[in-house]
Amino acid sequence: MQSSLELLALWPPGWGMNLLRGLGSTVLIALGAYALGLAIGLAGAMGKIHGGRFLRGALEIYTTLIRAIPELVLILLLYYAGTDALNVLLESLGFARIDISGLAAGIYVLGFVQGAYTTEVLRAAILAVPAGQVEAARAIGMTPGQAYRRIVIPAMLPFALPGLANLWLILTKDTALLAVVGFGELAQATRFAASKTKAFFTFYMAAGALYLALSLASSVLFSALERHFRRGQPAHG
Amino acid sequence: MKRMFGLLAGAVAALALGANIAAADLKISFSAENYPPFYEKGADGKWTGWEVEIQQAICAAMKEKCEIVDVAWDGIIPALVAKKIDAIIASMSITEERMQTIAFSDKYYNTPAVLVAPKKSAFDGKPESLKGKIVGVQVSTTHANYAEKYFKGSTVKTYQNFDDHNQDLAAGRVDAVVGDSLAFQDFLKSAGGACCEVKANLEDLAIFGPGVGVGIRKEDKDLLAKVNAAIKQIRADGTYDKISKKYFNFNIYGN
């Protein structure tokens, strides 16, 4: 039996580099999905607040469905059926098939799921901005777009950030679900290393430590962001 | 704030580039797990094993460039149907059930299924001897079908990976496991497998079928013909035997 240190060494026959590469993929997917989720979420929140009856209804269906179905089911559904449907659509329109890489598919799927949760977090945060501030912005001549960029978004961020931080932490761990489609992120890399060496405890502990490190680093970052966007507000507690 | 919008837009645009126009390379998948001595992935990220070399020989015989795509076992047929991969070379047995969805090449090997259990147990492979016991199998395998059909009086527990049920056998959480005789060789030689031994050969042609073939989409008739020709060629020119001798001391092709 090799010692744990040898098993976790960075160069073959150690598996450390595989785990770190897995962590890299995990972070990359999480970042991509988070950015996509924020974009969908912001558009969705604005659509839910300002949209017409049809748009609001469509968004309601999106957030309800996505939040009701387990991520694992959605990933299997979107990864296999979704990409195939996209290709069938492309072919019927006379375009060439595209091959969606595991990374891109993972980002799309998780981003699409994140979008639903982010929509609700941002909608609540936008509604928490006092209406008077928006009215004041309009009164001094800002266009609706300017009022959003200069007033609503900076003012809603303190309300949104705790929820967004939660979503990020959940997302970093949701990436492990992509192991079911064979994507080589941290959970998959760990499973490979453990099954090859039979050192299950060593590798799952190492993976746990890496996820913990990622969470701790994220928490520090989000605290700093929250401090920044809360500046000028009275401190609580 | 404008900058943040720009960043988001940039990220979304970058994602759109993640989709490439499909390349002409033939995409082949082993299952994304270690299944020694057939296929396993080392710390250097390279696949090795008997089936990996056979795959390379088949590709060489077809004069095709092959690319390996990692797909999880339980998603491997959906991935084939969804055209994420073009061929499955993952020790997949040819069965009636699977042939409803995909096509298979001629067999390229055939090994018996066995029941593995702790040495001190008195199982002989007959359903009565396993009554009330827990039998572990890998999900969506012919072994799982066999256990479902014969071990009605036992609890059949399904696992995602071959390794997982072996771990549980070593830990005593299952009383016996059903799997491929060859795949068990490495496990039984390892420290964790010292507890156990092969108790019985399991036979049922209706379930286990004629052997293991390359899984291919039903409509890819050209590819099917090419793969069959390639298997014949490597059988005839000695490549198959040369590769097999490195791994096995008996005839893995079967009768």
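## Ground rules

Because this is a predicted model, local features need pLDDT of at least 70 and side-chain atom pairs count only at pLDDT 80 or more, while totals for chains, interfaces and linings use all residues. Residues are numbered from 1 along each chain as its sequence is written, and chains are lettered from A, with ligands numbered from 1, in the order in which they are written.

## Two domains in chain B

Let's start with chain B, which is divided into domain 1 (22-110 + 210-247) and domain 2 (113-208); such bounds come from an automatic or database domain assignment. Taken over C-alpha atoms, the centres of domain 1 and domain 2 of chain B are separated by 25 Å.

In domain 1 of chain B, 10 residues are in contact with 11 residues of domain 2 of chain B (contact means that C-beta atoms, placed from the backbone, lie within 7 Å). The domain 1 side of this meeting has five nonpolar, three polar and two charged residues. Here Ala, Val, Leu, Ile, Met, Phe, Trp, Tyr, Cys and Pro count as nonpolar, Asp, Glu, Lys and Arg as charged, and the others, Gly among them, as polar.

## Where the chains meet

Between the chains, 33 residues of chain B are in contact with 37 residues of chain A. Among the elements of chain B giving two or more residues to its side are helix 1 (2-16), strand 1 (19-21) and helix 6 (162-171). Helices (H or I, at least four residues) and strands (E, at least two) are DSSP runs, numbered from the N terminus. Helix 1 of chain B gives the largest share, five residues. By type, the side of chain B that touches chain A divides into 15 nonpolar, 10 polar and eight charged residues.

## Helix 9 of chain A

Over in chain A, helix 9 (residues 200-229) has 30 residues and should span 44 Å at 1.5 Å a residue, which agrees with the 43 Å between its end C-alpha atoms; the expected span is 1.5 Å times one less than the number of residues.

Residues buried in this helix include Phe203(A), Tyr211(A) and Leu214(A). A residue is buried if 20 or more other C-beta atoms lie within 10 Å of its own, exposed if 12 or fewer, and partly exposed in between, with C-beta atoms placed from the backbone. Among the elements covering the buried residues of helix 9 of chain A are helix 2 (16-50) and helix 7 (144-174) of chain A.

## A five-stranded sheet

Back in chain B, five strands form an open sheet with mixed pairing, in the order 10-9-11-8-12; strands pair if DSSP finds at least two bridges between them. Strand 10 (155-159) and strand 12 (196-202) of chain B each have a single partner strand, so one side of each is left without a neighbour in the sheet. Strand 8 (residues 113-118) and strand 12 of chain B run antiparallel, joined by six bridges, and Leu115(B) has Ala200(B) in strand 12 as its bridge partner.

Ser91(B) sits in the loop between strand 6 (87-88) and helix 4 (96-99) of chain B. Ser91(B) is buried, with 23 other C-beta atoms within 10 Å. Not counting residues up to four places away in sequence, Ser91(B) touches Tyr35(B), Phe38(B), Glu51(B) and Val212(B).

Val212(B), in strand 13, is also the bridge partner of Tyr109(B). Strand 7 (residues 103-109) of chain B is joined to strand 13 (residues 212-216) by four bridges, and the two run antiparallel. Five of the seven residues of strand 7 of chain B are buried, so this strand is largely enclosed by the rest of the structure.

Key. Contact = placed C-beta atoms within 7 Å.
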